[in-house]
Amino acid sequence: MNFTTAQSNLFDPAATGVAVAPAPAMIKLTDIEKVYQTKTIETVALNRVNLTINKGEFVSIMGPSGCGKSTLLSIIGLLDEPSSGQVEIAGRPVTSYSDKELAGLRNQKIGFVFQSYHLINDLSVLDNVELPLLYRRSVSGQERRQRAHAALDKVGLSARTSHFPSQLSGGQRQRVAIARALAGNPELILADEPTGNLDSVMGEEIMDLLLHLNRHEGVTIVMVTHDEHQAQKTERVIRFFDGSQVS
Amino acid sequence: MLLSYLKIAWKVLLRRKFFTFISLFGISFTLMVLLVVVALFDHTVGAHAPESRLDRMTFVQLLHIKYKNGGNQNSPLSYYLLDTYVRPLRTPEKVTIYSNFHSTPSYVGNSRLDLDLKYTDEVFWQILDFTFREGKPYTPAEVKSAARVAVINQSTARKYFGTDTGVVGRTIEINQTNYRVLGVVDNVPAMRLSSYADVWVPITTSPDDLRRVQLTGDFSAIIMAKTAGDVPAMQAEFDQMARRVPLDDPKGMERLDLHADQLLASYSRQLMNPLTDYASDGLTILYAILSGIALLFMLLPALNLVNINVSRIMDRSSEIGVRKAFGATGGTLIGQFLVENIFLTAIGGLLGLLLAYVALQLIDGAQILAYAHFELNWRIFGWALLATLFFGVLSGVYPAFKMSRLQPVQALKGGSK
């Protein structure tokens, strides 16, 4: 795999071995609640969650199925709205943002990696990776291609640019998904069980890739996982149970 | 971005071939039928030679007599009525009087050739712009002297003389009467009832007694205004005149309806008389009915498209979710689906054009209607395509709008709320 040299190193305790000054909060959640309401049942998915994720951190979120991990990740990623509480990104509450502004924030600041990859099967690997840049008017077609090629290079798939997702293995697809998340050069990557559909070898490969991005490129990563072994590799583990943060 | 949308659109069309086929079939078949119907309509009432100055022409084809006992009679007019009341009108530039065409026997060797014969005055050739392949029409003097002269069409020249050139001056025998051929003109389609015939001869050679005082007969008239703008004034003068025409039988007859209508209006007055009782030309009602039928006809593929698009777009909710997650706004997504729909309807439109061309060629080739020549009407094609695009856009906007308003997380889960 062709990992590039670190461009920034906001947090790398392994490299320095000394305590660093507190990094600025990238995400701050205050009293977040998410309630799903039907005619007969009210389900509390998140119950008064308070959480701060600092710039450069690699945080994993763990907990049993249905405990609200993915809901939390969706709220952090501005894919869903909380029922109550406040989400702040880089010191600014996002509740007052319009849909267009939220779309802009997702496009500029956040990259997503999903458990089931969510690649667009009708598009080639390169077209898939270009997707975030497609929604940036300032990026020309040529620059889009270059940046997509660079992102694919980082995940070791530069030889597969013209393939289609159906022609790739699960691990390769997830690497394409990571390249897509990276193409927009986001400050934050949100990964929802990125190794959940992969065997252990491929899972390790993807995990190494995410660790590399965090340690050598300074990308903040929040990862939902069921895998204790992988969670232990991250800097901080947050545990959830029945919609509440337990540690 | 547009290229990316088109790529996706093409892939989606190929991915769901059956739905694509149904969509394209709906669009193209509808357009084809519309275009063929419009071509037939245009062929019948559009401005084409020799009736190319239709905007200045009005037609007096039928006289309606309402009887006191409730009876009705629709009949062509007498020469006397047209010559006495219509020809002296002051507003028109020209008035021509001519008979209906009648099948008349002729013989080439031992085989019978039925020719449609029409009696006309000399003005007929001035109002209608026939294309003379050779020769010329008959003169006022020839009409006045009831000369046995004839203008024949190209088809008759070929059938009777075996050639359509060099026949001027030769003799054609029709119904045991010899006529000297003065000219050969291009064939006129049979649907153009006023100008169509195989052979045209001076009205004075008609076996009818032209001087007989009566209302009904076998004749019609075309009245041509100096300009298109003069038509209403000409019609007003005609209407004034029509009120002065005395009833043949005041005891039995209640009233006469006599009008000088433009070509389409002359047909619609007859068609719509159950609704209008000849009081108006019924053109507005006819247009409303035709537009309603066309709209209903286009609504079917439009509803089909809406249905298919809803299912097609819902199928792609995951893609919509991903696009939203990576920064697509609702407006961008609606734009994407609009491009896809316009792409689909444009393909359907082109197929429709092709099908209509083939269908019109087949109808032309089958010669169902004598001398018919159908042409695609580009103006109507433009309108029909625009209407289909409008429905295509409308059918795409609704589901796209619905999906674009979903939270990305719901779209990623498949659009269920």
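Q: Why are helices H10(B) and H13(B) called roughly parallel to each other?
A: In this predicted model, the axes of helix H10 (residues 283-315) and helix H13 (residues 378-404) of chain B cross at roughly 30°. Angles under 35 degrees count as roughly parallel, and the two helices are therefore roughly parallel to each other. Their axes come within 9 Å, and the crossing of H10(B) and H13(B) is right-handed.

Q: Which residues of H10(B) and H13(B) meet?
A: From H10(B), the list includes B:Met298, B:Ala302, B:Leu305 and B:Val306. Among the residues they meet in H13(B) are B:Phe391, B:Gly392, B:Tyr398 and B:Pro399.

Q: What makes a set of residues a nonpolar core?
A: Its members are buried residues such as Ala, Val, Leu and Ile, joined through C-beta atoms within 7 Å. The largest one here has 80 residues. Those with the most contacts inside it include A:Ile61, A:Val129, A:Leu190 and A:Val222. Helix H6 (residues 170-183) of chain A gives the largest share of this core, seven residues. Apart from it lies another core, of 57 residues, with B:Leu77, B:Val151, B:Ala157 and B:Tyr179 among them. As a general point, nonpolar side chains tend to be buried together in soluble globular proteins.

Q: Which residues is A:Val222 in contact with, leaving aside its neighbours within four places in sequence?
A: A:Val222 is in contact with A:Ile53, A:Val59, A:Ile61, A:Leu73, A:Ile76 and A:Leu190. Being in contact means that the C-beta atoms lie within 7 Å.

Q: How many residues of chain A are in contact with chain B?
A: There are 20 in chain A, and they are in contact with 21 residues of chain B. Helices H3 (99-109) and H4 (125-134) of chain A each supply at least two residues of this side. H3(A) brings the largest share, six residues. On the side of chain A that touches chain B, nine residues are nonpolar, four polar and seven charged.

Q: What share of the residues of chain B count as buried?
A: Of its 417 residues, 39% count as buried. To qualify, a residue needs 20 or more other C-beta atoms within 10 Å of its own. The secondary structure of chain B comes to 14 helices and 13 strands.

Note on methods: Residues numbered from 1 in each chain as written. Chains lettered and ligands numbered in written order. Predicted model: local features only at pLDDT ≥ 70, side-chain atom pairs only at ≥ 80, totals over all residues. Buried ≥ 20, exposed ≤ 12 C-beta atoms within 10 Å, placed from the backbone. Helix = DSSP H or I, 4+ residues; strand = E, 2+ residues; numbered from the N terminus. Contact = placed C-beta atoms within 7 Å. Axes fitted to C-alpha atoms, helices over the stretch in contact; angles between N-to-C directions. Parallel < 35°, antiparallel > 145°, perpendicular 65-115°, else oblique. Left-handed = near helix turned anticlockwise from the far one by under 90°. Nonpolar A, V, L, I, M, F, W, Y, C, P; charged D, E, K, R; others polar.
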